[in-house]
Amino acid sequence: MENCLFCRIVRGEIPSTKVYENDQVYAFRDINPQAPVHVLVIPKKHISSIDGIDEASDTDLAACLRAVRHVAAQEKLTGGYRVISNCGPDACQTVPHLHFHVLGGAQMTEKMA
Ligand code: AMP
Ligand code: ZN
């Protein structure tokens with residue numbers, strides 16, 4: 001995906017603050033953090049959203065969740081954290097490349113939407 005923002009970040013064409021990387025995934029700090037810790041975990045292979053996961057391998061999908069866990073530990077989110085993946089316009093997805101927001105570092109409210 002030539003012009004996809006997150007594909008360009010994976011390729012290093014747009015700068016980002018890397019938190020974690022392996023063969024399948026890349027994790028970096030959100031440019032507009034909504035919690036003391038706000039990291040985005042993305043598959044390196046372009047997938048549009050959870051609606052597009054039929055295109056993804058189980059290995060890549062599992063790697064995303066394992067990376068979420070890794071990032072949470074690395075960022076010392078011992079009190080807990082929230083994982084969000086916005087999918088489509090009703091959820092206000094703005095970047096059409098699958099990503100998992102990892103939010104933590106402060107007490108959150110029970111309200112999720
Ligand atoms: P979503 O609204 O769920 O699609 O989330 C997209 C997220 O990407 C937002 O939280 C943005 O702040 C974040 N974002 C957009 N551009 C960048 C960038 N260049 N580097 C890091 N995060 C970004
Ligand atoms: Zn992409």
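Reply: A backbone N or O atom of Val-95 lies 3.0 Å from an oxygen atom of ligand 1, a polar contact being a pair of N or O atoms within 3.5 Å. An oxygen atom of the ligand is also 3.2 Å from a polar backbone atom of Cys-92, and one is 2.5 Å from an N or O atom in the side chain of Asp-30. Taken alone, ligand 1 exposes 500 Å², of which the protein buries 84% (Shrake-Rupley areas, 1.4 Å probe). This is a predicted model, in which local features need pLDDT of at least 70, side-chain atom pairs count only at pLDDT 80 or more, and totals for chains, interfaces and linings use all residues. Residues are numbered from 1 along each chain as written, chains are lettered from A and ligands numbered from 1 in written order, and side-chain values use heavy atoms, without hydrogens or water.

The shell around ligand 1 holds 16 residues, with Asp-30, Asn-86, Thr-94, His-99 and His-101 the closest (a heavy atom within 4 Å). By class, eight are nonpolar, six polar and two charged. Helix H1 (5–10) gives the largest share, three residues; H1 and strand E2 (25–29) each supply at least two (DSSP runs, at least four residues for helices and two for strands).

Ligand 1 sits in the largest pocket (more than half of its atoms within 2 Å of the grid points). About 710 Å³ of space lies in that pocket. Of its 30 lining residues, Asp-30, Gln-34, His-38, Leu-40 and His-101 are closest to the centre. A pocket is an open set of points on a 1 Å grid over the protein atoms alone, where a 1.4 Å probe fits, with protein on both sides within 12 Å along at least five of seven lines; lining residues have an atom within 4 Å of a point.

Key. A polar contact is a pair of N or O atoms within 3.5 Å; within protein, one must be able to donate a hydrogen and the other to accept it, and residues adjacent in sequence count only if both atoms are side-chain atoms. Ala, Val, Leu, Ile, Met, Phe, Trp, Tyr, Cys and Pro count as nonpolar, Asp, Glu, Lys and Arg as charged, and the others, Gly among them, as polar. Grid points are joined across faces, edges and corners, and a volume is the space filled by probe spheres set on the points.
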